[in-house]
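Visitor: I would like a walk through this model, one question at a time.
Guide: Here it is; ask away.

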Amino acid sequence: MQRWLRMAKYFEEFGWDLVVFTPQNPEKPVVDNSLFSQVRASQRIVKHPIWEPYMAYRFIAGRKQESRFSAFINEKKNPGFAQSLALQLRANVFIPDPRRLWVRPASRRLIAELMSLEADALISTGPPHSMHLIGMKVAKNRSLPWIADFRDPWTGIHYFSKLPLTRVARALHKRLERRVLCDASKVVTVSTTWAKELSDLSGRPVSVIPNGYDHSDFPPGVNAVEPFLIRYFGSMVPTRNPRVLWQALAELKSEGHVLVPEVRVELYGSIDRSVVDSAADFGVGAQVTKKDYIPNAEALKLMKKSDLLLVTINQGPGARGMIPGKLYECMASKRPVLLLGPADGDAAVLVQKFDAGWVADHQDVKKVKQGLADWLTGRASKWDEEQKSNMSNQAYRFTGGTEQSQIAFKSYSRRELARNYCSLLDELHENTQV
């Protein structure tokens with residue numbers, strides 16, 4: 001959502017008028033009304049009603065409308081029959097996803113809208129990948145150049161292998177994916193590894209336009225940091241569980257590191273029950289607090305005051321190409337990052353390139369322990385000085401990189417990325433006119 005909310009904010013600067021087509025009444029895992037401030041007053045938005053299976057799920061499961069649902073995050077130890085059934089249906093009936101039921105009515109509505117709109121191009125963004133099926137239908141009907149924008153892979157996503165798919169359902173997913181990849185005028189994704197994987201599937205080049213941060217969210221200034229506080233923002237499924245962090249804290253504590261008991265970890269968002277349980281299993285549960293989702297603007301403020309920011313990559317397929325959107329904001333906050341994920345992954349390359357913290361594999365307890373020990377030692381040695389000067393961005397050696405690297409990092413600002421996307425549209429439009 002953040003990717004296109006911010007793209008829409010800047011497209012007009014580069015000569016493109018973006019019209020957004022979206023559901024009128026979608027099921028939403030979270031609601032953040034503060035983000036309305038990012039929508040331009042002149043932004044054109046077309047909405048169309050949608051019916052989603054999640055509505056029936058709420059009725060069967062007896063959940064209130066305001067409660068959240070994810071087939072992959074369990075807030076209780078036993079997810080129950082309704083959630084298990086929902087996962088079976090999601091995997092084998094609603095292909096590629098529950099928004100599949102929106103494809104036909106949305107395509108008809110959009111085709112009708114395009115009778116009066118002088119559109120030069122069409123962009124579909126997924127997941128949900130049903131949006132690409134809409135793009136494919138509409139582009140063919142209206143003879144429009146079409147960009148398929150993959151924010152995440154389709155069959156290459158980390159949880160695809162965990163879906164209880166029948167052989168027929170798996171084959172249908174792959175066939176639809178290949179059709180989208182081959183029929184689109186251009187395919188775009190957010191990391192070089194995923195671009196290569198999608199290119200291998202389709203036999204054609206795939207462009208990379210990454211996610212980023214909005215410079216307006218990070219005005220210059222110094223923020224007072226809350227010492228010994230690690231924060232995480234976003235959802236956390238079991239494959240993102242930072243068990244290696246819990247184990248490292250537990251081992252440092254047992255080895256008598258005096259500052260470890262001062263460490264607190266706050267997890268903001270939809271957090272799987274297994275994450276908190278595993279912290280308790282290692283004996284550090286009292287230092288870990290699970291908190292609800294907070295508005296993005298509030299999260300950014302807390303990010304700047306955090307002593308250390310945790311970012312964790314899903315374990316499994318697709319991990320090397322995954323760069324969580326929050327990583328860019330963590331780096332823009334100039335607070336040090338502990339990234340848990342593949343050492344040769346695209347996210348690791350980004351952190352190391354800009355000297356934004358340190359990276360450790362999900363099984364590398366030794367490296368996490370060493371990083372935490374360095375952090376705590378540096379924090380202790382600078383604590384008195386920081387209290388006097390309040391220069392908290394200089395607390396220890398992980399400071400968000402050098403001034404030169406921070407300037408280079410501006411290439412990941414949402415405005416610059418919108419410029420790159422519009423350049424791609426310019427090229428596509430020119431080729432269409434020839």
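**Helices, bridges and surface**

Visitor: Which residues of helix α10 are buried?
Guide: This is a predicted model, where local features need pLDDT of at least 70, side-chain atom pairs count only at pLDDT 80 or more, and totals for chains, interfaces and linings use all residues. Residues are numbered from 1 along each chain as its sequence is written, and side-chain values use heavy atoms, with hydrogens and water left out. Buried means under 20% relative accessible area, exposed over 50%, partly exposed in between (1.4 Å probe, protein chains only). In α10, residues 296-305, the buried ones are Asn296, Ala299, Leu300, Leu302, Met303 and Lys304.

Visitor: What covers the buried residues of α10?
Guide: Helices and strands here are DSSP runs, numbered from the N terminus (helices H or I, at least four residues; strands E, at least two). The cover of the buried α10 residues, with contact meaning heavy atoms within 4.5 Å, includes α1 (2-10), β7 (229-233), β8 (264-268), β10 (308-312) and α11 (325-332).

Visitor: How many helices and strands are in the chain?
Guide: The chain has 434 residues, and 51% of them count as buried. Among contacts between residues at least 6 apart in sequence, 73% join residues at least 24 apart. The chain holds 15 helices and 12 strands.

Visitor: Against which elements do the buried residues of α7 pack?
Guide: Helix α7 spans residues 192-202, with Thr193, Trp194, Ala195, Leu198 and Ser202 buried. Gly203 follows α7 and has a positive phi, near 75°. The buried α7 residues pack against β4, α6, β5 (186-189), β6 (207-208) and α12 (346-353).

Visitor: Which parts of the chain does the pair Arg3 and Asp149 link?
Guide: A salt bridge is a side-chain nitrogen of Lys or Arg within 4 Å of a carboxyl oxygen of Asp or Glu. The side chains of Arg3 and Asp149 form one, at 3.0 Å, N to O. The pair links distant parts of the chain, 146 residues apart: Arg3 in helix α1 and Asp149 in strand β4.

Visitor: Arg3 and Asp149: buried or exposed?
Guide: The count for the model comes to 20 salt bridges. In the Arg3 and Asp149 pair, Arg3 is buried, and so is Asp149.

Visitor: Which residues are linked with Lys9 and Asp214 in a network of salt bridges?
Guide: Lys9 and Asp214 meet through their side chains at 3.0 Å, N to O. Lys9 sits in helix α1 and Asp214 in the loop between β6 and β7, 205 residues apart. Asp214 is buried, at 1% relative accessible area. The network joins Lys9 and Asp214 with Arg6 and Asp217.

Visitor: Why does His158 count as buried?
Guide: His158 lies in the loop between β4 (146-150) and α6 (167-183). Beyond residues up to four places away in sequence, His158 touches Val237, Thr239, Asn314, Gln315, Pro317 and Met322. His158 counts as buried because its relative accessibility is 10%.

Visitor: With which side chain does His158 make a polar contact?
Guide: A polar contact is a pair of N or O atoms within 3.5 Å; within protein, one must be able to donate a hydrogen and the other to accept it, and residues adjacent in sequence count only if both atoms are side-chain atoms. The His158 contact spans 2.9 Å, and its partner is the side chain of Asn314.

Visitor: What separates the C-alpha atoms of Trp16 and Cys422?
Guide: Trp16 lies in the loop between α1 and β1. The side chain of Trp16 makes a polar contact with that of Asp426 at 2.8 Å. Trp16 and Cys422 are 406 residues apart along the chain, yet their C-alpha atoms are separated by 7.0 Å.

Visitor: How many disulfides does a search of the whole structure find?
Guide: Cys330 is buried at 2% relative accessible area, and Cys422 is buried at 1%. A disulfide is a pair of cysteine sulfur atoms within 2.5 Å. The search of the whole structure finds 0.
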